Structures are given as structure tokens and as C-alpha cells.
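Please examine the sequence and the three-dimensional structure shown below. The paragraphs that follow lead from one residue to the wider arrangement of the chain.

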Amino acid sequence: MLVASKKTPKTPTTVTWDGTIRPTAISGLHPWTVGAPRDDSLDPNMVPARVAEDAYSALIALAERGECDREGVAETPLRAAKAWRFLTSGYTELPDLKTFASEGYDEIVVVRDLPLYSLCEHHLLPFFGKAHIAYLPGDRILGLSKFARLVNAYGRRLQVQERLTAQIADHLVDVLDPQGVAVVVEAEHLCMTMRGVERPGATTRTSVMRGVFLKQQEARAEALRLIGI
Ligand SMILES: [Zn+2]
């Protein structure tokens with residue numbers, strides 16, 4: 001007769017600030033947040049939620065040299081994990097961009113100063129600034145509020161500014177099939193101004209042109225003039 005051997009389930013572990021490995025969760029309590037229950041309002045099937053919480057615990061332990069049971073940071077891993085989920089929600093929350101007939105409107109439309117917040121994928125630090133969009137419609141136009149939603153959707157990801165700029169432009173090409181699109185992004189990167197070369201106030205400007213704005217110098221100059229740069 002075969003007897004099923006009982007396998008001990010593997011306990012999840014966390015690498016701590018000094019390189020030792022400790023259990024990730026003990027009796028539902030977080031190892032770094034003494035007494036704080038883990039919050040299951042985060043989708044338990046969503047691995048990154050728990051993983052992010054553990055990662056933030058390890059970071060706090062690293063920063064605090066192990067003295068990480070202060071009241072002030074007790075719930076920080078959970079709070080930071082929730083913030084992280086929001087800041088990267090752009091992967092799953094692309095807006096539904098309903099378009100309308102352009103009814104013969106044949107001039108450049110410009111939306112300026114759209115607030116932009118994103119995360120540098122090299123340092124996981126924010127970069128933030130403004131996006132400006134100009135397009136020359138074909139048969140379709142887009143509700144103005146949708147531009148801000150589009151910028152948010154691509155901003156709330158791990159990004160480089162160059163790719164972010166191109167993704168906004170290409171998405172508009174896909175949904176509007178316009179005659180031309182110009183996207184300009186100006187942003188300050190905290191990985192550059194808060195650390196590294198430490199140049200506060202330094203901004204990076206990227207631009208992507210599609211359609212007539214790419215092919216015709218005059219159209220491009222007009223779009224940039226309307227954007228104001
Ligand atoms: Zn960076």
C-alpha cells in the first residue's frame with residue numbers, strides 16, 4: 001500500500017538588509033511591521049502586491065539598518081505597495097478613446113500643458129512634467145479630456161521618456177488615423193536632479209512627429225509654433 005508522503009510547504013522568504021534570509025510572513029504578520037496584519041484588500045492573486053510589500057520592507061530595513069519597527073514605518077510597506085500598484089496601473093487601464101466625426105474640420109488641434117507623472121525604468125524614480133499634443137485630423141476627432149487620460153495611461157508605467165512620447169503619438173495614429181500627430185514632452189527626472197549629477201531644474205524635452213508633421217517641414221514648424229516651443 002502506498003502512503004502519500006507529506007511535503008512541508010515551502011515558506012516564502014525575504015532577503016534582509018544584512019543578507020540574512022527570514023520568513024516573509026509569520027502567522028499572518030509581516031516580519032518587518034511588528035503587529036501589523038497583512039492587508040488582503042490587495043488582490044491575493046496578484047503576486048506583485050505581496051512581492052512589492054516585501055520589497056519595501058527590505059528597503060526600509062536597509063535604510064534603517066534593521067531598526068524598522070518604528071510606528072512611523074510600520075505600515076509603510078503596505079502603503080507603498082498600494083501606491084506602487086496605482087503608479088503602474090497604466091499597463092491594464094488603457095482608456096477607451098471614443099472618436100467623433102471631424103465634420104470637415106481641417107486645422108491643427110493643440111492640447112497643451114497636460115500634466116505628466118511617470119517612473120524612470122532605470123532607477124524607479126519619478127519623472128514629471130508636461131505633455132503637449134498637436135494633431136491634424138483626418139475623418140475623426142477625439143474628446144479633449146481623452147488626451148489627459150492617454151498621457152496618464154502611458155505615464156503610469158516604467159518608462160523612458162523617449163518611448164512614452166512615441167507611445168502617445170502612435171496610439172493616436174491608431175485610433176484617429178489623422179493626417180499628422182506631434183507629441184512633445186518636457187520632464188524633470190529625479191534620478192538626474194535628486195541623485196547622480198544633481199542638476200535641480202534640468203529638464204529633458206522629447207518630440208515625436210508622425211504623418212505630415214514628420215514629412216513636411218512647414219507643417220511641423222506650424223505644430224511646434226502652436227504648441228509654443
Ligand atoms: Zn533614471
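Which residues does Ala-131 touch, not counting residues up to four places away in sequence? In this predicted model, the residues that Ala-131 touches are Leu-114, Leu-116, Val-151, Ile-168, Val-183 and Val-185.

Ala-131 belongs to the largest nonpolar core, a group of 32 residues. Together with Val-151, Ile-168, Ala-182 and Val-183, Ala-131 touches the most other members of this core. Several elements each supply at least two residues to the core, among them strand 4, strand 5, helix 4 (145-155), helix 5 (161-176) and strand 8 (180-189). Strand 9 (204-211), helix 7 (212-215) and helix 8 (217-227) also each supply at least two. In soluble globular proteins, nonpolar side chains tend to be buried together.

Apart from this core lies another, of 7 residues, which include Ile-60, Ala-61, Leu-78 and Ala-81. Leu-78 and Ala-81 are buried residues of helix 3, as are Thr-76 and Pro-77. Helix 3 covers residues 76-87, and its 12 residues reach 16 Å from the first C-alpha to the last, close to the 16 Å expected at 1.5 Å a residue.

The next step is to consider the strands. Strand 4 (residues 109-120) pairs with strand 5 (residues 126-136) in the antiparallel sense, over 9 bridges. Within this pairing, Val-110 stands opposite Ala-134 of strand 5. The two strands form a hairpin with 5 residues between them, and Leu-124 in the turn has a positive phi of about 55 degrees. Strand 4 has a further partner in strand 7 (residues 158-159): the two run parallel and are joined by 2 bridges. Here Cys-120 stands opposite Gln-159 in strand 7.

Strand 5 also contains Ile-133. Is this residue buried or exposed? Ile-133 counts as buried because it has 25 C-beta neighbours inside 10 Å, and the cut-off for a buried residue is 20 or more. Leaving aside neighbours within four places in sequence, Ile-133 is in contact with Val-111, Phe-147, Ile-168 and Val-183. Ile-133 and Arg-112 are 21 residues apart in sequence, and their C-alpha atoms are 6.4 Å apart in space.

Finally, the protein may be viewed as a whole. Its secondary structure comes to 8 helices and 9 strands. Of its 229 residues, 28% count as buried. Among contacts with a separation of 6 or more, 69% are accounted for by residues 24 or more positions apart.

Terms used:
Residues numbered from 1 in each chain as written. Predicted model: local features only at pLDDT ≥ 70, side-chain atom pairs only at ≥ 80, totals over all residues. Helix = DSSP H or I, 4+ residues; strand = E, 2+ residues; numbered from the N terminus. Expected span 1.5 Å × (residues − 1). Buried ≥ 20, exposed ≤ 12 C-beta atoms within 10 Å, placed from the backbone. Pairing = 2+ DSSP bridges. Core = buried A, V, L, I, M, F, W, Y, C linked by C-beta atoms within 7 Å. Contact = placed C-beta atoms within 7 Å.
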